[in-house]
Amino acid sequence: MSGYGLLSTRGLSLSFGGVVAADAIDFDLQPGERLAVVGQNGAGKTTFINICTGYLKPTSGTVLFDAVDITGHTPRAITRRGVGRSFQLPQVFTEHTVRECLMLAASSVKQKHGFFLPLTQAVDAHEVDATLELLQLSARAHDLAGSLPEGQRKLLDVAMALVLRPKLMIMDEPTSGVSTDEKHGLMAVLMRALDERQVTSIFVEHDIDIVRRYATRLCAWIAGRIAADGAPEEVLRDPIVVKNVIGE
Ligand SMILES: Nc1ncnc2c1ncn2[C@@H]1O[C@H](COP(=O)(O)OP(=O)(O)OP(=O)(O)O)[C@@H](O)[C@H]1O
Ligand SMILES: [Mg+2]
(Lines give C-alpha, C1' and ligand atoms only; values in the text may rest on other atoms or scores of the structure.)
(Ligands and ions follow the chains in the order given, each with its own letter.)
Protein backbone atom coordinates (compact mmCIF):
# COMPACT_ATOMS: atom_id res chain seq x y z
CA MET A 1 0.00 0.00 0.00
CA SER A 2 1.29 3.42 -0.93
CA GLY A 3 -0.84 5.26 1.62
CA TYR A 4 -2.06 7.58 -1.12
CA GLY A 5 -5.57 8.01 -2.47
CA LEU A 6 -6.62 8.32 -6.10
CA LEU A 7 -5.70 12.01 -5.76
CA SER A 8 -3.45 13.12 -2.92
CA THR A 9 -1.58 16.27 -2.00
CA ARG A 10 1.12 16.76 0.60
CA GLY A 11 2.10 20.17 1.92
CA LEU A 12 0.67 21.93 -1.11
CA SER A 13 1.34 25.66 -0.92
CA LEU A 14 1.04 28.63 -3.25
CA SER A 15 1.14 32.34 -2.51
CA PHE A 16 0.27 35.25 -4.77
CA GLY A 17 2.23 38.19 -3.36
CA GLY A 18 1.02 38.39 0.23
CA VAL A 19 -2.03 36.17 -0.35
CA VAL A 20 -1.63 32.55 0.76
CA ALA A 21 -4.03 30.83 -1.64
CA ALA A 22 -2.92 27.29 -0.69
CA ASP A 23 -1.48 26.74 2.76
CA ALA A 24 0.28 23.38 3.23
CA ILE A 25 -2.69 21.29 2.10
CA ASP A 26 -2.66 17.55 2.86
CA PHE A 27 -5.51 15.82 1.08
CA ASP A 28 -6.56 12.32 0.01
CA LEU A 29 -9.48 11.38 -2.21
CA GLN A 30 -10.53 7.73 -2.42
CA PRO A 31 -11.97 6.07 -5.53
CA GLY A 32 -15.76 6.33 -5.68
CA GLU A 33 -16.01 9.45 -3.54
CA ARG A 34 -18.22 12.35 -4.53
CA LEU A 35 -16.55 15.25 -2.80
CA ALA A 36 -18.12 18.68 -2.54
CA VAL A 37 -15.92 21.70 -1.85
CA VAL A 38 -17.39 24.80 -0.21
CA GLY A 39 -15.77 28.06 0.83
CA GLN A 40 -16.24 31.78 0.50
CA ASN A 41 -15.03 33.73 -2.52
CA GLY A 42 -11.25 33.81 -2.53
CA ALA A 43 -10.87 30.86 -0.12
CA GLY A 44 -8.61 29.06 -2.61
CA LYS A 45 -10.93 26.43 -4.13
CA THR A 46 -10.07 27.18 -7.75
CA THR A 47 -6.38 27.58 -6.89
CA PHE A 48 -6.36 24.05 -5.45
CA ILE A 49 -8.01 22.68 -8.60
CA ASN A 50 -5.62 24.63 -10.82
CA ILE A 51 -2.59 23.20 -9.03
CA CYS A 52 -3.95 19.63 -9.16
CA THR A 53 -4.69 19.91 -12.90
CA GLY A 54 -1.42 21.60 -13.90
CA TYR A 55 -2.72 25.12 -14.56
CA LEU A 56 -0.69 26.51 -11.66
CA LYS A 57 2.60 25.35 -10.16
CA PRO A 58 2.77 25.18 -6.36
CA THR A 59 5.48 27.02 -4.45
CA SER A 60 6.03 23.80 -2.53
CA GLY A 61 4.41 20.44 -1.95
CA THR A 62 3.34 17.57 -4.17
CA VAL A 63 0.31 16.33 -6.08
CA LEU A 64 -0.08 12.59 -6.65
CA PHE A 65 -2.55 10.90 -8.95
CA ASP A 66 -2.78 7.12 -8.74
CA ALA A 67 0.32 7.35 -6.49
CA VAL A 68 2.33 8.98 -9.31
CA ASP A 69 3.87 12.40 -8.63
CA ILE A 70 2.30 14.77 -11.18
CA THR A 71 3.42 18.03 -9.56
CA GLY A 72 4.08 20.66 -12.21
CA HIS A 73 3.08 18.41 -15.11
CA THR A 74 1.26 20.14 -17.96
CA PRO A 75 -2.54 20.18 -18.02
CA ARG A 76 -2.49 17.93 -21.06
CA ALA A 77 -0.18 15.37 -19.45
CA ILE A 78 -2.46 15.29 -16.41
CA THR A 79 -5.53 14.92 -18.63
CA ARG A 80 -3.84 11.98 -20.35
CA ARG A 81 -3.35 10.30 -16.97
CA GLY A 82 -7.09 10.38 -16.38
CA VAL A 83 -8.00 13.64 -14.67
CA GLY A 84 -10.82 15.58 -16.32
CA ARG A 85 -11.92 19.03 -15.29
CA SER A 86 -14.54 21.61 -16.05
CA PHE A 87 -14.33 25.33 -15.44
CA GLN A 88 -16.08 28.01 -13.43
CA LEU A 89 -16.68 29.70 -16.80
CA PRO A 90 -17.30 26.91 -19.36
CA GLN A 91 -14.41 26.59 -21.84
CA VAL A 92 -16.25 25.59 -25.00
CA PHE A 93 -15.59 26.54 -28.63
CA THR A 94 -18.48 28.91 -29.20
CA GLU A 95 -17.94 29.04 -32.99
CA HIS A 96 -18.14 25.25 -33.33
CA THR A 97 -21.09 22.93 -33.02
CA VAL A 98 -21.62 20.93 -29.85
CA ARG A 99 -20.51 17.74 -31.60
CA GLU A 100 -17.41 19.42 -33.05
CA CYS A 101 -16.46 20.58 -29.55
CA LEU A 102 -16.39 16.95 -28.42
CA MET A 103 -14.48 15.88 -31.55
CA LEU A 104 -11.87 18.57 -30.87
CA ALA A 105 -11.60 17.61 -27.22
CA ALA A 106 -11.27 13.92 -28.13
CA SER A 107 -8.55 14.65 -30.67
CA SER A 108 -6.60 17.04 -28.46
CA VAL A 109 -5.02 14.43 -26.21
CA LYS A 110 -3.86 12.44 -29.22
CA GLN A 111 -1.92 15.37 -30.65
CA LYS A 112 1.71 15.29 -29.67
CA HIS A 113 2.40 18.96 -30.40
CA GLY A 114 0.24 22.04 -30.32
CA PHE A 115 -3.26 22.19 -28.99
CA PHE A 116 -6.45 21.68 -30.95
CA LEU A 117 -4.79 21.24 -34.32
CA PRO A 118 -6.99 20.10 -37.22
CA LEU A 119 -8.56 16.68 -36.78
CA THR A 120 -5.63 14.76 -38.21
CA GLN A 121 -6.09 11.93 -35.72
CA ALA A 122 -8.97 9.52 -35.95
CA VAL A 123 -11.57 10.27 -33.31
CA ASP A 124 -13.94 7.60 -32.04
CA ALA A 125 -17.24 9.01 -33.36
CA HIS A 126 -19.19 6.39 -31.45
CA GLU A 127 -17.63 7.57 -28.19
CA VAL A 128 -18.45 11.18 -29.07
CA ASP A 129 -22.10 10.36 -29.74
CA ALA A 130 -22.39 8.16 -26.65
CA THR A 131 -21.05 10.99 -24.51
CA LEU A 132 -23.48 13.49 -26.06
CA GLU A 133 -26.30 11.07 -25.27
CA LEU A 134 -25.06 10.58 -21.71
CA LEU A 135 -25.11 14.34 -21.04
CA GLN A 136 -28.48 14.72 -22.81
CA LEU A 137 -26.98 16.91 -25.52
CA SER A 138 -27.80 14.82 -28.60
CA ALA A 139 -30.64 17.11 -29.67
CA ARG A 140 -28.21 20.05 -29.68
CA ALA A 141 -25.36 18.21 -31.46
CA HIS A 142 -25.47 20.40 -34.57
CA ASP A 143 -26.13 23.72 -32.83
CA LEU A 144 -23.32 26.17 -32.22
CA ALA A 145 -21.92 25.82 -28.71
CA GLY A 146 -22.23 29.61 -28.39
CA SER A 147 -25.99 29.37 -28.82
CA LEU A 148 -26.53 27.06 -25.83
CA PRO A 149 -28.15 28.30 -22.62
CA GLU A 150 -25.77 28.32 -19.64
CA GLY A 151 -26.96 24.98 -18.21
CA GLN A 152 -26.26 23.09 -21.43
CA ARG A 153 -22.97 24.95 -21.84
CA LYS A 154 -21.97 23.60 -18.42
CA LEU A 155 -22.96 20.09 -19.52
CA LEU A 156 -20.93 20.49 -22.71
CA ASP A 157 -17.87 21.58 -20.74
CA VAL A 158 -18.13 18.38 -18.68
CA ALA A 159 -18.86 16.29 -21.79
CA MET A 160 -15.60 17.55 -23.37
CA ALA A 161 -13.75 16.08 -20.41
CA LEU A 162 -15.81 12.88 -20.08
CA VAL A 163 -15.26 11.95 -23.73
CA LEU A 164 -11.66 11.25 -22.71
CA ARG A 165 -12.83 8.64 -20.15
CA PRO A 166 -11.23 10.15 -17.04
CA LYS A 167 -10.98 8.27 -13.74
CA LEU A 168 -11.45 11.51 -11.84
CA MET A 169 -13.58 14.49 -12.79
CA ILE A 170 -13.01 17.85 -11.06
CA MET A 171 -15.80 20.37 -11.63
CA ASP A 172 -15.42 24.01 -10.60
CA GLU A 173 -18.90 25.31 -9.79
CA PRO A 174 -20.87 23.19 -12.28
CA THR A 175 -24.12 24.95 -11.32
CA SER A 176 -22.96 28.59 -11.16
CA GLY A 177 -24.78 30.91 -13.51
CA VAL A 178 -27.74 28.51 -13.65
CA SER A 179 -31.11 29.34 -12.06
CA THR A 180 -32.00 27.64 -8.77
CA ASP A 181 -34.81 25.76 -10.56
CA GLU A 182 -32.42 24.30 -13.12
CA LYS A 183 -29.58 23.39 -10.75
CA HIS A 184 -31.03 20.11 -9.51
CA GLY A 185 -31.83 18.89 -13.03
CA LEU A 186 -28.31 19.76 -14.15
CA MET A 187 -26.71 17.97 -11.20
CA ALA A 188 -28.94 14.93 -11.69
CA VAL A 189 -27.71 14.60 -15.29
CA LEU A 190 -24.08 15.11 -14.27
CA MET A 191 -24.16 12.68 -11.36
CA ARG A 192 -25.94 9.98 -13.37
CA ALA A 193 -23.31 10.32 -16.11
CA LEU A 194 -20.47 10.05 -13.58
CA ASP A 195 -22.11 7.04 -11.91
CA GLU A 196 -22.60 5.29 -15.22
CA ARG A 197 -18.94 5.74 -16.13
CA GLN A 198 -17.76 5.04 -12.58
CA VAL A 199 -15.91 8.33 -12.35
CA THR A 200 -14.81 9.65 -8.95
CA SER A 201 -15.58 13.35 -8.61
CA ILE A 202 -14.89 16.63 -6.89
CA PHE A 203 -17.23 19.57 -7.35
CA VAL A 204 -17.08 23.11 -6.00
CA GLU A 205 -20.53 24.29 -4.98
CA HIS A 206 -21.99 27.30 -3.18
CA ASP A 207 -25.54 25.91 -2.89
CA ILE A 208 -25.81 23.92 0.35
CA ASP A 209 -28.96 22.09 -0.82
CA ILE A 210 -26.98 20.70 -3.76
CA VAL A 211 -24.12 19.72 -1.44
CA ARG A 212 -26.50 17.86 0.91
CA ARG A 213 -28.14 16.01 -1.92
CA TYR A 214 -25.19 14.95 -4.05
CA ALA A 215 -22.00 14.81 -1.95
CA THR A 216 -20.74 11.79 -0.01
CA ARG A 217 -18.05 13.93 1.61
CA LEU A 218 -17.52 17.64 2.14
CA CYS A 219 -14.41 19.80 2.52
CA ALA A 220 -14.75 23.40 3.68
CA TRP A 221 -12.02 25.76 2.52
CA ILE A 222 -11.03 28.78 4.59
CA ALA A 223 -8.08 31.01 3.66
CA GLY A 224 -6.18 28.44 1.60
CA ARG A 225 -6.73 25.57 4.03
CA ILE A 226 -9.17 22.70 4.50
CA ALA A 227 -10.82 23.82 7.73
CA ALA A 228 -13.28 20.91 7.98
CA ASP A 229 -13.50 17.56 6.19
CA GLY A 230 -15.96 14.70 6.61
CA ALA A 231 -19.57 13.62 6.17
CA PRO A 232 -21.57 16.57 4.72
CA GLU A 233 -24.00 16.85 7.64
CA GLU A 234 -21.17 16.88 10.17
CA VAL A 235 -19.14 19.49 8.30
CA LEU A 236 -22.21 21.68 7.83
CA ARG A 237 -22.78 21.63 11.62
CA ASP A 238 -19.17 22.51 12.44
CA PRO A 239 -19.21 25.93 14.17
CA ILE A 240 -16.18 27.11 12.18
CA VAL A 241 -17.99 26.28 8.94
CA VAL A 242 -21.26 27.82 10.11
CA LYS A 243 -19.45 31.03 11.08
CA ASN A 244 -17.04 31.39 8.16
CA VAL A 245 -18.63 29.62 5.23
CA ILE A 246 -22.38 29.33 5.53
CA GLY A 247 -22.92 32.58 7.46
CA GLU A 248 -25.59 33.52 9.98
N1 LIG B 1 -3.52 34.22 -10.82
C2 LIG B 1 -3.64 34.87 -9.65
N3 LIG B 1 -2.90 35.97 -9.36
C4 LIG B 1 -3.00 36.61 -8.18
N5 LIG B 1 -3.86 36.23 -7.21
C6 LIG B 1 -4.64 35.17 -7.45
C7 LIG B 1 -4.58 34.43 -8.67
N8 LIG B 1 -5.48 33.41 -8.60
C9 LIG B 1 -6.07 33.50 -7.41
N10 LIG B 1 -5.57 34.56 -6.70
C11 LIG B 1 -5.96 34.94 -5.33
O12 LIG B 1 -5.89 33.76 -4.54
C13 LIG B 1 -6.98 33.69 -3.64
C14 LIG B 1 -7.77 32.42 -3.90
O15 LIG B 1 -8.46 32.56 -5.15
P16 LIG B 1 -9.34 31.41 -5.79
O17 LIG B 1 -9.74 31.84 -7.14
O18 LIG B 1 -8.63 30.13 -5.65
O19 LIG B 1 -10.62 31.41 -4.81
P20 LIG B 1 -11.98 30.60 -4.91
O21 LIG B 1 -12.16 29.93 -3.59
O22 LIG B 1 -12.02 29.77 -6.12
O23 LIG B 1 -13.06 31.78 -5.00
P24 LIG B 1 -14.45 31.90 -5.84
O25 LIG B 1 -15.51 31.26 -4.96
O26 LIG B 1 -14.64 33.38 -5.95
O27 LIG B 1 -14.27 31.23 -7.15
C28 LIG B 1 -7.77 34.98 -3.84
O29 LIG B 1 -7.32 35.92 -2.89
C30 LIG B 1 -7.42 35.40 -5.25
O31 LIG B 1 -7.53 36.79 -5.40
MG1 LIG C 1 -13.22 29.71 -7.79
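Trainee: What makes strand β3 (residues 34-39) and strand β9 (residues 217-222) a pair?
Mentor: Two strands pair if DSSP finds at least two bridges between them. β3 and β9 share 5 bridges, so they count as a pair, and the sense is parallel. One spot to look at is V38, which stands opposite A220 in β9. Keep in mind that this is a predicted model, where local features need pLDDT of at least 70, side-chain atom pairs count only at pLDDT 80 or more, and totals for chains, interfaces and linings use all residues. As for labels, residues are numbered from 1 along each chain as its sequence is written, while chains are lettered from A and ligands numbered from 1 in the order in which they are written.

Trainee: What joins β9 to β10, and in which sense do they run?
Mentor: 5 bridges join them, and they run antiparallel. C219 has D229 in β10 as its bridge partner. The hairpin of β9 and β10 has 2 residues between the strands, and A223 there takes a positive phi near 50 degrees.

Trainee: Which sheet holds these strands, and how is its pairing described?
Mentor: It's an open sheet of 6 strands in the order β6-β7-β8-β3-β9-β10, with mixed pairing. β6 (83-86) and β10 (225-230) are the edge strands, as each pairs on one side only. From one strand to the next, the twist averages 20 degrees. Further along, β7 (residues 168-172) and β8 (residues 200-204) run parallel and are joined by 5 bridges, with I170 opposite I202 in β8.

Trainee: Which helix packs on that sheet, and at what angle to β6?
Mentor: Helix α5 (residues 150-162) does, touching β6 and β7, and its direction makes about 165 degrees with that of β6. Such angles run from 0 to 180 degrees between N-to-C directions, with axes as lines fitted to C-alpha atoms, for helices over the stretch in contact.

Trainee: How do you know which residues make the contact of α5 with α6?
Mentor: Residues are in contact if their C-beta atoms, placed from the backbone, lie within 7 Å. On the α5 side that gives G151, K154, L155, V158 and L162, which meet E182, L186, V189, L190 and A193 in α6. By class there are 7 nonpolar, 1 polar and 2 charged residues. For those classes, Ala, Val, Leu, Ile, Met, Phe, Trp, Tyr, Cys and Pro are nonpolar, Asp, Glu, Lys and Arg are charged, and the others, Gly among them, are polar.

Trainee: What about α3 and α5, at what angle do they pack?
Mentor: At about 30 degrees, with their axes 8 Å apart, so they too are roughly parallel. V98, C101, L102 and A105 of α3 make the contact with L156, A159 and M160 of α5. That contact has 7 nonpolar residues, no polar and no charged ones.

Trainee: Then what makes α3 oblique to α4?
Mentor: Helix α3 (residues 98-108) and helix α4 (residues 125-134) pack at about 125 degrees, with axes 10 Å apart, and that angle makes α3 oblique to α4. V98, R99, L102, M103 and A106 of α3 are in that contact, along with E127, V128, T131 and L132 of α4.

Trainee: Last one: what puts a residue around ligand 1?
Mentor: Its C-beta atom, placed from the backbone, lies within 6 Å of the molecule. The residues around ligand 1 include F16, N41, K45 and Q88. β2 (19-29) and α1 (45-52) are the elements that give two or more residues, and α1 gives the most, with 3. By class, the shell has 4 nonpolar, 7 polar and 1 charged residues.

Definitions and conventions:
Helices (H or I, at least four residues) and strands (E, at least two) are DSSP runs, numbered from the N terminus. Two residues are in contact if their C-beta atoms, placed from the backbone, lie within 7 Å. Angles under 35 degrees count as roughly parallel, over 145 as roughly antiparallel, 65 to 115 as roughly perpendicular and the rest as oblique.
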